[in-house]
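Please keep the sequence and the model at hand while reading.

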Amino acid sequence: MIVTQPGATFLAFAVNETRLFCIFSTIRGIMTATPTGRPEISPDSDVVRDWLAEFVFETMRAETLEQVVARLDNAIAAHIPELADRDMRRDLAASTRAQARLVLAGLTSNTFEYTPAEEAHAFARTIARRGYELRVLLQVYHFGLQAVVDYMTETVTQRHAPYEIERAVMLRLFDRATKWIGKSVELLTDTYMEERERVLRAALNRRTETVRALLAGDDLDLDQAGLRLGYRLDRTHLAFVLWTDDDAEFAGGEGEFIEQLERVANRIAAAAGAGRALTVPSGASAMWVWIGMEDAGAEQLSLDDALSAFGRIEAPVRVAFGMPGAQLAGFQQSHREAVAARQVAERGAAPERVTRYRDIEIAYLAGVDEAAMRGLIARELGALADRDANAARLRETLHAYLRSNRSPEAAAKLLGVHKNTVRYRIQRIEELLGGVIETRSLPLEIALSCVAVYGVEVLP
């Protein structure tokens with residue numbers, strides 16, 4: 001659905017209408033200058049009302065009114081591509097017809113109490129339901145006003161009324177036209193915004209219910225579910241979770257958080273070559289996201305590209321990725337992994353902006369039972385569990401060594417030190433642990449991964 005910020009649209013509309021009002025003001029100035037010797041006639045005089053009463057009577061005839069409606073609608077539609085649709089034109093015609101009757105009926109009254117016709121409100125709601133921007137509604141009244149001015153000028157000129165009457169009639173018509181457009185835009189914009197919010201809420205509710213049913217394993221028709229979501233379920237999925245820092249503040253409140261997360265989600269999806277993301281807000285400042293990929297072989301490359309793009313996104317947003325998975329099972333599993341990665345990220349010592357489940361899986365699984373994890377760390381690390389700088393340096397070296405398949409050269413590259421430094425430290429570690437590392441490599445790596453992720457707080 002396409003949405004827009006009302007403020008910017010109103011500004012553009014105001015600029016356009018200002019041009020018309022300047023024209024009106026010029027016309028008023030010219031027409032107010034009554035030629036010498038001719039009596040001035042007020043726009044509110046009886047003679048003007050009589051002239052308008054005849055004009056209204058003739059225009060309100062069914063055949064004439066339909067011609068006027070068709071003329072105005074054609075002029076409007078010529079500038080707005082969205083109105084090419086048959087149903088849109090029907091609703092536009094109903095609105096124009098009803099609005100014309102109300103405006104014409106009030107022309108002979110010296111008081112102006114105008115409320116848009118229900119058909120006009122219905123047309124505003126149609127525009128919102130179609131997902132069109134507020135711009136479309138405002139353009140309808142902008143170009144509609146231009147068409148009305150052209151029609152009024154032509155009609156008054158063709159009737160060859162005396163100059164004084166023609167001037168007074170035109171001033172009255174211009175006055176009513178400007179009041180009509182101002183009141184219509186004010187009230188119908190409210191109608192549009194209310195309907196847009198209602199439609200968005202309903203669509204979001206349907207999307208949220210469908211996603212939760214899929215995650216719960218409910219018996220759903222997957223093709224129908226995919227249509228409701230606008231997202232194909234028969235491919236490989238990569239799930240991730242977006243959220244903001246706890247101390248993040250936005251002047252716009254909850255709505256601004258969600259809008260920013262939506263932008264980040266689609267930026268990551270675009271970088272991964274996945275098109276538009278499926279998003280479901282999971283809180284005031286958090287969002288669940290899925291992106292679909294056709295080529296499973298390109299999953300890791302796509303994710304790396306996405307992470308590279310995300311690296312340009314600043315705080316307060318954070319992201320946790322699951323692993324790619326195929327079909328409905330992959331949709332569910334990747335989401336569970338993304339949620340788990342977020343749990344680890346929020347519990348971890350370092351506030352990383354990006355967390356990948358594949359990088360923290362061991363720490364997550366070990367951390368499910370915290371008491372058991374702490375026991376493992378204390379037992380396996382022994383003297384390496386001290387909290388001083390030397391013990392931290394030895395833990396970092398051992399972790400790099402084990403992740404590098406016990407290669408001093410590869411570990412040295414990871415640490416940015418000489419390979420002999422790594423060899424010396426490994427020798428010292430074996431002395432402290434009282435045994436050869438190779439015989440305990442798996443539990444040692446698990447213990448070191450937990451310390452790396454959760455921080456020194458898990459040390460004994």
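## Contacts and the basis of the model

A contact here means heavy atoms within 4.5 Å. By that rule, and leaving out residues up to four places away in sequence, Phe 55 touches Leu 104, Leu 107, Tyr 151, Thr 155 and Arg 159.

This is a predicted model, in which local features need pLDDT of at least 70 and side-chain atom pairs count only at pLDDT 80 or more, while totals for chains, interfaces and linings use all residues. Residues are numbered from 1 along each chain as its sequence is written, and side-chain values use heavy atoms, with hydrogens and water left out.

## Nonpolar cores

A nonpolar core is a set of buried Ala, Val, Leu, Ile, Met, Phe, Trp, Tyr and Cys residues joined through side-chain atoms within 4.5 Å, where buried means under 20% relative accessible area with a 1.4 Å probe and protein chains only. The largest such core has 54 residues, and Phe 55 is among those with the most contacts inside it, together with Trp 51, Leu 83, Leu 137, Val 140, Tyr 141 and Val 169. At least two residues of this core come from each of α2, α3, α4, α5 (118–129), α6 and α7, these helices being DSSP runs (H or I, at least four residues) numbered from the N terminus, as strands are (E, at least two). The largest share, 14 residues, is supplied by α6.

A second, separate core holds 52 residues, including Val 211, Ala 341, Val 344 and Ala 366.

On a 1 Å grid over the protein atoms alone, a cavity is a set of points where a 1.4 Å probe fits but cannot get out, a pocket is an open set with protein on both sides within 12 Å along at least five of seven lines, and lining residues have an atom within 4 Å of a point. Grid points are joined across faces, edges and corners, and a volume is the space filled by probe spheres set on the points.

The count comes to 1 cavity of 30 Å³ or more. Of the 24 residues lining the largest cavity, Leu 72, Ala 100, Val 103, Val 148 and Trp 180 are the closest to its centre. The largest cavity holds about 400 Å³ of space, and α4 gives the most to its lining, with 7 residues.

## The second largest pocket

The second largest pocket has a volume of about 770 Å³. Among its 29 lining residues, Asp 359, His 399, Ser 449, Ala 452 and Val 453 are the closest to its centre.

Conventions: Buried means under 20% relative accessible area, exposed over 50%, partly exposed in between (1.4 Å probe, protein chains only).
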